[in-house]
Amino acid sequence: MQIETSPKKRHEIEADVEIVCVVDKNLEHSWIEDKELLESAGFEGGQDETCFLPEKRKLYVGSDSLHHDDIRSAYAAAIRALRKTKAEHVKTGLYLGKCAAQNVKAMAEGMIFGDYEYDAYKSEKAKHPIKKVTISCEDFNGKSLDCEKAKGYVENAVIVARATNYTRSIVNTPPDDMTPEMLALKAVALAEANDLECIVLDEKGLEAENMGAFLAVSRASDHPPRLVHLAYKPQNAKFKIALVGKGLTYDSGGLSLKPAEYMVTMKSDKSGACAVLGIMKAVSELKLPIEVHGIIGATENMIGGNAYKPDDILKAKNGKTIEIRNTDAEGRLVLADCLCYAQEKVEPDYLFDFATLTGACVVALGEYTTGVMGHDRTLKHSFSKAATNAGELTATLPFNRYLRKLIKSEIADVCNISSSRYGGAITAALFLDHFIEKEYKHKWLHLDIAGPAYVEKPWGYNPAGASGAGVRMTVKWFEQILKQAEKEAKTSTH
Ligand code: BES
Ligand code: ZN
Ligand code: ZN
C-alpha cells in the first residue's frame, strides 16, 4: 500500500472509495453528505465503527475526537473494513486537530497498521487489495495544510509504521525459525539494506569479552548464542545513543522450568531485540542526525545436562559475581553483559535497554503499558512524553533503597532474584543497575515491555500477537531531543 498526498481537493481526486471520518458521533458536520443513509443503516459513529456505502463510494468511520490516538485507530479500522472490498485506490481528506503534524502522521500510521496481518504460516494469504491511498491536503474544516509539509509528515509516518510492522513480524516468527543465528542474520540483512555497520559475536567472541552471565544462559541450547552490534553513524550526529535489546528467542525458564501455560508465547521474549532492530531501521531511513548503536543479546534459555543451575555463581563482563537462585530470571543476565559491552564500546550519551523482563511489570501495569525505570527523573519524564505523543502507553516505576536490599546475596555480589514476591519489575531493574557504571547512571533508562510487546488478543489498532512496542516511542524521543537541541542552539546564538 502506497500513501501519497495531493494538493487537489477531495472531489477532484479520482478514486474507488473515499474514507470520511465522523468525529464525536456528530453527523451534522458539513463534510457528512449521507446523514439519512447512515442513520437508516444504524450507524452511530462510535470509535472505530465503520459503514460502507458502496453506491456512494464512501466508507464512513467513527472517531471519538481529533486526538491523534483516536484518528490512528479510526483509520486502521477504515482500512481493515476496506480490505474486505475490492477498492484499490482510496482517497481521504485531512482532519486537523490541535497538532496538524501529529494528526497527519496518525492517519498514515493507522492505515499502514490496518493493512498489517501476519500470515507467513497461513496457506491462504491475507488480502491486501488497496494499492494506493491519496490524502488530499484540503481539510474538512476548511483549513488547509501546506502540501509539502503534509508529504513530509506522511513519509515520516510510513517509515516508522513499516519499521514497527517489521519488528512485529520478527517477533511473531516461531522460535525454531527465528533462532539466535537467524536473528543475527536478520540484523546482517538490515545492515546491508540500510548501510549500517554490523559486528556479530559467536560463543568464542562472548568468551573473549568475558560474558560469563550471557554464556551461562545460552549453554543448554542447541542453537548457539549471538551478540549483534549494529551502528548507524551519520556524519552530522548530534548525539550518540546505545540501545540494548533482550533477544531470548525462546524462554523455557531453564531448569526453573516454566509451567506449560506460562511457556506458550515465550517466542516473544526476543521483543526487546526486535524493537532495537526496528528502531535501527527507522532512524537510518529517516536519516536522523544521531549516531545510534543497537546491541542485541540473542539466545535461548533451555534445559539439558549442561544447563546453568540455581546455586551456580556466574561472573559478568564487569567482574561482578551473580548468585543464581532461579534460571527463569535469565533476561537480566544477558542484559547485564550487553549493558557492560555497550558502555565500554560505545561510550554513549544515552543508554536504553528494551526487554520483556518481568511478569511482575505486567501484573503492575496491565498488558498495554511499558514500565519506564531509571535514576534520572527528567529523562524518564521526557521519554514518557514522547511515548504519549507517539501513541504508546508508559508508566514510571520508582526505585527505592528498601527494594535494593532484596537482591543482596550472602555469597556473591548480587542475587539474580529478589527475596520478596513483590516489586519484581523494579528489583529486576535494580539488578541491571549493578551493571551500569557511575557516569552512565543518569544516562540510562530501562524499558520493561513484557506487557505490550505481545498480547494474544487484538487491542485498538494492534493485531493479536506482536505489537512492535518500543519502536514508535523511541523514534519520537529521538525527534524530540533533536528539536530541543535545535531550540537551545537558537536561543544561545540570540
Ligand atoms: N521472559 C520472562 C518475563 C515475561 C513474563 C515476559 C511474561 C512476558 C510475559 C522472564 O524471563 C521471566 O521469566 N521472569 C520471571 C522472573 C522471576 C523468576 C524473578 C517472572 O517474571 O516470573
Ligand atoms: Zn525467564
Ligand atoms: Zn525471559
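1. Polar contacts. Four residue pairs, each with both members at pLDDT 80 or more, are in polar contact between domain 1 and domain 2. This is a predicted model.

2. Helices at the boundary. On the side of domain 1 that touches domain 2, three helices each supply at least two residues: α2 (68–82), α3 (100–114) and α4 (147–172). The top contributor is α2, which gives six residues.

3. Six of its residues are nonpolar, four are polar and six are charged.

4. Salt bridge. One salt bridge is found across the interface of domain 1 and domain 2. As for the side chains of glutamate 109 and arginine 472, they meet in a salt bridge, with 3.5 Å from N to O.

5. Domain layout. Domain 1 covers 2–163 and domain 2 covers 178–487. Their C-alpha centres are 35 Å apart.

6. Contact count. On the domain 1 side, 16 residues make contact; they meet 17 residues of domain 2.

7. Buried area. Together, domain 1 and domain 2 bury about 1,300 Å² between them. Carbon and sulfur atoms account for 62% of that area. Three residues stand out on the domain 1 side: Ile159, Val160 and Ala163. They supply 36% of the area that domain 1 buries against domain 2, more than any other three residues.

Technical notes: Residues numbered from 1 in each chain as written. Chains lettered and ligands numbered in written order. Predicted model: local features only at pLDDT ≥ 70, side-chain atom pairs only at ≥ 80, totals over all residues. Heavy atoms only, no water. Domains from an automatic or database assignment. Contact = heavy atoms within 4.5 Å. Buried area = accessible area lost by both parts, 1.4 Å probe. Salt bridge = Lys/Arg side-chain N within 4 Å of Asp/Glu carboxyl O. Polar contact = N/O pair within 3.5 Å; in protein donor to acceptor, adjacent residues only side chain to side chain. Helix = DSSP H or I, 4+ residues; strand = E, 2+ residues; numbered from the N terminus. Nonpolar A, V, L, I, M, F, W, Y, C, P; charged D, E, K, R; others polar.
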